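Please look over the sequence and structure before reading on.

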Amino acid sequence: MIYCVYKMEGKEMDSKNSKERNFIKSLLAKNWTQFKIKPKEAMEMVKTKGFQSLNISLYEDPEYHFREFFDKETGLWITGDCEDGTTPFRRSFPSLLDIGIMGHCPNGKAGICAKAGIQCYQNAPNSTRDNMKLEDFKTIIDQCKGKTFQVALGGAGDPNLHENFKEIVEYCRNNGIIPNYTTSGFNLTDKQVEISKQCGAVAVSQYSRLEIGQMPSYQILEDGSRIPTEMMQVFSETNPQTNIAIQKFLDAGITTNIHYVLGKNTIKEAIIRLKNNLFPEGINAIVFLLHKPVGLGQESNMLHYDDPEVKEFFELIDNEKFPFKIGFDACSVPGIINFTKNIDSRSTETCEGSRTSAYIDAQMNMMPCSFGNQDKSYYVSLYDNTIKEAWESEVFNNFRNHLFKACPNCKNRVNCYGGCPIISNIVLCNRQERKY
């Protein structure tokens with residue numbers, strides 16, 4: 001068996017029943033001892049099979065004996081089984097790193113996020129830390145070359161505001177690693193857009209809220225007069241800068257996604273937007289991120305399994321078609337499992353923290369997940385350790401063990417691993433088998 005992980009940092013390739021998928025499957029299915037192909041040779045084989053993109057990475061895990069294929073143009077990421085036929089639980093080195101290059105946030109201090117009802121999990125409006133040094137960033141990338149497919153630039157602020165944004169993006173590309181980032185889009189400059197063309201994809205945070213009003217509709221009579229018939233809803237945006245930024249990226253030909261935080265204060269609006277197609281035309285995907293009570297995040301804004309809007313939202317996603325792709329963060333996977341019937345489990349990936357990904361903050365603290373950023377017990381300093389040493393540290397092993405041992409009697413455990421190890425009460429599950 002192989003499974004696809006649709007990483008929304010890049011374009012999704014429709015691999016179902018495709019020649020491309022079948023060819024990759026044949027590569028991954030070969031006996032391990034006979035897998036002698038080198039990346040350059042594989043690219044020639046791919047070319048003869050009619051691939052549109054040759055910009056690919058092939059990875060062989062030296063410890064857990066499985067292979068991965070990553071298409072740098074489309075974002076398609078396929079992982080094969082381990083040598084013994086089991087699905088890989090972890091990697092010997094992260095395939096994706098979330099790198100918090102920003103230590104502070106001018107837009108957050110201006111109250112932009114708060115006005116949109118977003119409660120920053122990084123507590124960025126109150127942060128006065130320095131941004132990541134360029135040399136520190138280069139040290140990270142130097143260790144990742146040949147092992148890590150892509151990085152997500154983030155932290156406590158908009159990465160495009162980093163003083164070395166251009167150099168950071170270029171250094172990733174020059175070392176065969178795809179950079180991606182999320183931004184509020186506020187005061188986005190043409191220069192920043194031009195630099196962003198080197199990214200696999202850009203996500204704009206949904207910091208515009210809907211204002212819903214009413215206006216009458218009219219019937220036109222034969223004499224040209226009109227009479228009101230009924231009231232109809234009209235929608236307007238509270239923050240035009242969000243859509244302006246999205247359009248700038250789209251006009252530049254950049255794969256553009258929207259990151260939408262789902263909390264009690266935003267889920268009803270999400271449902272209205274989806275039902276009325278109120279997202280900008282031309283976007284690649286809407287990626288829904290579950291609200292977490294971390295940093296400025298409040299517990300009162302958390303969604304719960306028995307919230308009626310949660311059921312309505314997931315059923316809408318499950319049964320309707322949209323003119324864009326739908327993505328979720330790993331924290332939402334329990335909700336997908338429990339509330340949907342038509343979503344193929346092979347298109348989802350549960351908590352990747354310590355298994356295939358990690359977070360590094362601007363002060364070079366590495367942790368299994370960015371949602372541990374407020375808790376120093378999750379920190380492993382990269383000033384004192386290599387990435388590989390941090391990856392194999394007690395902190396990371398404990399995080400992995402939590403996932404590996406969670407919910408042992410649940411039939412869906414390998415698709416979920418019990419959900420979030422950091423904040424257990426955000427997990428959208430009420431099963432009796434749940435044990436964490």
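A residue counts as partly exposed when its relative accessible area lies between the buried class, under 20%, and the exposed class, over 50%. By that rule Lys166, at 38% relative accessibility, is partly exposed. The model is predicted.

**Salt bridges within helices**

- In total, the structure contains 18 salt bridges.
- Side chains of opposite charge can pair when their charged atoms come close.
- Lys166 pairs with Glu170 in a salt bridge whose closest N and O atoms are 2.6 Å apart.
- Both residues belong to helix H6 (residues 165-174), and because they are 4 residues apart there, about one helical turn separates them.
- Glu170 has a relative accessibility of 25%, so this residue counts as partly exposed.
- Another salt bridge links the side chains of Glu135 and Lys138, at 4.0 Å from N to O.
- This pair sits in helix H5 (residues 134-144), where a spacing of 3 residues puts Glu135 and Lys138 about one helical turn apart.
- Glu135 is exposed, with 52% relative accessibility, whereas Lys138 is partly exposed at 23%.

**A salt-bridge network**

- Glu392 and Arg400 form a salt bridge, with 3.9 Å between the closest N and O atoms.
- Glu392 is partly exposed at 29% relative accessibility, while Arg400 is buried, its relative accessible area being 3%.
- Through salt bridges with shared partners, Glu392 and Arg400 belong to one network with Glu63, Arg90 and Lys388.

- Strand S7 (residues 178-183) runs parallel to S8, and 3 bridges join the two strands.
- Within this pairing, Tyr181 has Val202 of S8 as its bridge partner.
- Together with helix H7 (residues 190-196), S7 and S8 form a β-α-β unit that is right-handed.
- S8 also pairs with strand S11 (residues 256-262), again in the parallel sense, over 4 bridges.
- On the S11 side, Val202 stands opposite Thr256.

**Cavities**

- How many cavities of 30 Å³ or more does the structure hold? There are 3 of them.
- The volume of the largest cavity is about 120 Å³.
- Its lining is made up of 14 residues, and those closest to the centre are Cys407, Cys410, Cys416, Cys429 and Arg431.
- Two elements each give two or more residues to this lining, namely helix H11 (333-339) and helix H14 (413-416).
- H11 provides the largest share, with 3 residues.
- Sorted by class, the lining of the largest cavity consists of 8 nonpolar, 3 polar and 3 charged residues.

Methods. Residues are numbered from 1 along each chain as its sequence is written. This is a predicted model: local features need pLDDT of at least 70, side-chain atom pairs count only at pLDDT 80 or more; totals for chains, interfaces and linings use all residues. Side-chain values use heavy atoms; hydrogens and water are left out. Buried means under 20% relative accessible area, exposed over 50%, partly exposed in between (1.4 Å probe, protein chains only). Two strands pair if DSSP finds at least two bridges between them. A crossover is right-handed if, with the strands pointing away from the viewer, the path from the first strand over the helix to the second runs clockwise. On a 1 Å grid over the protein atoms alone, a cavity is a set of points where a 1.4 Å probe fits but cannot get out, and a pocket is an open set with protein on both sides within 12 Å along at least five of seven lines; lining residues have an atom within 4 Å of a point. Grid points are joined across faces, edges and corners, and a volume is the space filled by probe spheres set on the points. Ala, Val, Leu, Ile, Met, Phe, Trp, Tyr, Cys and Pro count as nonpolar, Asp, Glu, Lys and Arg as charged, and the others, Gly among them, as polar.
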